[in-house]
Amino acid sequence: MATANDDEILEGFLCPICKADLKSASQLTSHFESLHSEEQDVLRSLKEIFGKAKKIILNNDDSDLKETFDRALKFSYQEHRWLDEEQVIGVSRSSTDYLKAVRSARLERYATETNKLLIRLDKLVCNMPAEPNQRKQHEQEVVPWLDGSSVKLCPNCAKAFNLTRRKHHCRLCGSILCHDCSTFLDINVARAIVDPSAPRTSQPDHEITEKNGLRLCEHCFNLIELRKQVQESRNAKTVLVTAYEQMRSLMDQARPDVAMYEKMCQSLFDGETTYNLTDVNKMRGRIGKLAEGIDLLSKQIAAFPAEPGTRQARLQTAIRHAAAHYIKEDLISLRKLPTEAQIEEVRQQRYERAEKQIQMERERMERQRQRKEEIAGPSASRVDTRQDDEDSPLLEQMNIIREYIKEARRDMKYEEVAILEANLKELKKEYHLQKLSNKS
Amino acid sequence: MATNRSGAAQRPNGAPQTKVCQFKLVLLGESAVGKSSLVLRFVKGQFHEYQESTIGAAFLTQTVCLDDTTVKFEIWDTAGQERYHSLAPMYYRGAQAAIVVYDITNQDTFGRAKNWVKELQRQASPSIVIALAGNKSDLAAKRMVEFEEAQAYADENGLLFMETSAKTAMNVNDIFLAIANKLPKSEGGGAGAAGARRLGDAEQPRSTSCCK
């Protein structure tokens, strides 16, 4: 072995310890670090040099590419052992400020570029002539078009311009491009971008052509598209807002219902026959359903993920509390309904009262007639002018209204029921009066 | 004369009572100053006019006989190109001796040699024996680095110094012998962690068990 060493000259990326040829500087460094790291004290002082070396070599040394598979296999074991050792994070440096500087410069550049394009777009789309020639002139007044006489190839796809591949101009930057490389921006969309307050038009189904669109190069189109997306994202409602709006609309629905319910309840207690108990119960069920919906939505809002302690989290819990309070105070604490017996009793009382009144009225009229007869003496016998009930237009009308009431009840339109009932009552009264006057 | 001496040095000294010491020696210096040529002249007595540039490092051994000891040099001839600079610490780590080579016809290489010396003093083993070799002394007509200047620098830093020529073999063996003389040969005398190793039977399995 020793004699062989004497004769031969080893050369290459030799490991100084085991004299293996490692083929590349980076392999040698990693081999040396992983296999001969027992002398830690020496290594530590060299480690940073190796680190630097690795970086330099990785960047410069072409021979790194000559890594052979079997070599990789042979040393994979040692490399694994090296990886298993837990690495301590060394000295670190924050690059946030640098990032911010680079980013803000870049954003600035994009922002100015986009603003410039938006100003041009605004000038282009406002009072754009419909007539093609005038329009062309208008477009060139806003954005000067590049002189294309020396341009032989499309700057984007490098295809030569000829009879079939015509030169076109980007309407925003004035640069030259071929038809295949141009993108069209719908004029209505462009108007919406320039003036976000304008009503949004739905995406046009028809293909955008030169007639109803602006020819743009890819670069300008991307910038405009980006701005459009920013606008849309700004206007887009979050899930939270949608849920809140839904909840508010439920609350708005519940308010008149609650008022109606109160009115119906009162009418029942007064012994009126305008509404019956099933109506009021149905109404109560509807309010209950609304309350359930509000409860569910407010719970969803409260459960929306938010950092605890932030304003959003506070807002969410506040919404939930307000909704719970509203349900408890306004929707759940409704007046209890009277029982069937109670209603019957109240009605009976009312009926008796009415009967009594009618009785008194009759008596009074009787007395008046007797007085008249006393004065005028016996007159000709009365002609029975009582008409057939079926023929009376009043009765007919009353039947119609009864039908209406039935319908309104079915549709739970209790305001209408009340009005119709009142109407019916008036008709009844009229009918009675008519009968009385006929009799007299 | 030089070849004679080198021949005598190469003859294995069979006397069992003589000490055999093994030293690690590393050559450093700017690219194309003649490190490989110097080693080739010392080890094989050859000289190539167009010596290929070394890739990574070269490893050679040579044995020289002193009065009562046999010294075996394990020579690490490093590549001088700047891109291999980062590998150098691996080779001079634990070396007992170093030869920093410069080209007397090129002032820049002398400056570079000074840097190498500085680096060795800072990073290498503290007991390392450093020799400064001003190579290509056959080209004295084109000399750019004065002998006195280099000598003064060597004295200042406690270096061995010789002007050598791998082409004419001038001072080549001398510088290696001077180093061998200066190295501590006693077993305990090897100062530092990497002292001279006694070459014995224990050395054999080590060389066969390596990753070659």
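Start with two helices of chain B: α2(B) (residues 35-44) and α6(B) (residues 172-182) pack with their axes 9 Å apart, at an angle of about 85 degrees. Angles from 65 to 115 degrees count as roughly perpendicular, so that is what α2(B) is to α6(B). Axes here are lines fitted to C-alpha atoms over the stretch in contact, with angles running from 0 to 180 degrees between N-to-C directions. On the α2(B) side you'll find Leu38(B), Arg41(B) and Phe42(B), which meet Val172(B), Asn173(B) and Phe176(B) of α6(B); contact means heavy atoms within 4.5 Å. By class, this contact has four nonpolar residues, one polar and one charged.

A word on the model: it's predicted, so local features need pLDDT of at least 70 and side-chain atom pairs 80 or more, while totals for chains, interfaces and linings use all residues. Residues are numbered from 1 along each chain, chains are lettered from A, and side-chain values use heavy atoms, without hydrogens or water.

Now for the strands of chain B. β1(B), residues 19-29, has nine of its 11 residues buried, that is, under 20% relative accessible area with a 1.4 Å probe. Strand β1(B) pairs in the parallel sense with β3(B) (residues 69-78) over nine bridges; pairing takes at least two DSSP bridges. Lys19(B) has Thr69(B) as its bridge partner in β3(B). β1(B) also runs parallel to β4(B) (residues 97-103), joined by five bridges, and there Leu28(B) stands opposite Val100(B).

Over in chain A, there are 14 helices and five strands, these being DSSP runs of at least four residues (H or I) and at least two (E), respectively. Of its 440 residues, 32% are buried.

Note on methods
Buried < 20%, exposed > 50% of the residue type's maximum accessible area, 1.4 Å probe, protein only. Parallel < 35°, antiparallel > 145°, perpendicular 65-115°, else oblique. Nonpolar A, V, L, I, M, F, W, Y, C, P; charged D, E, K, R; others polar.
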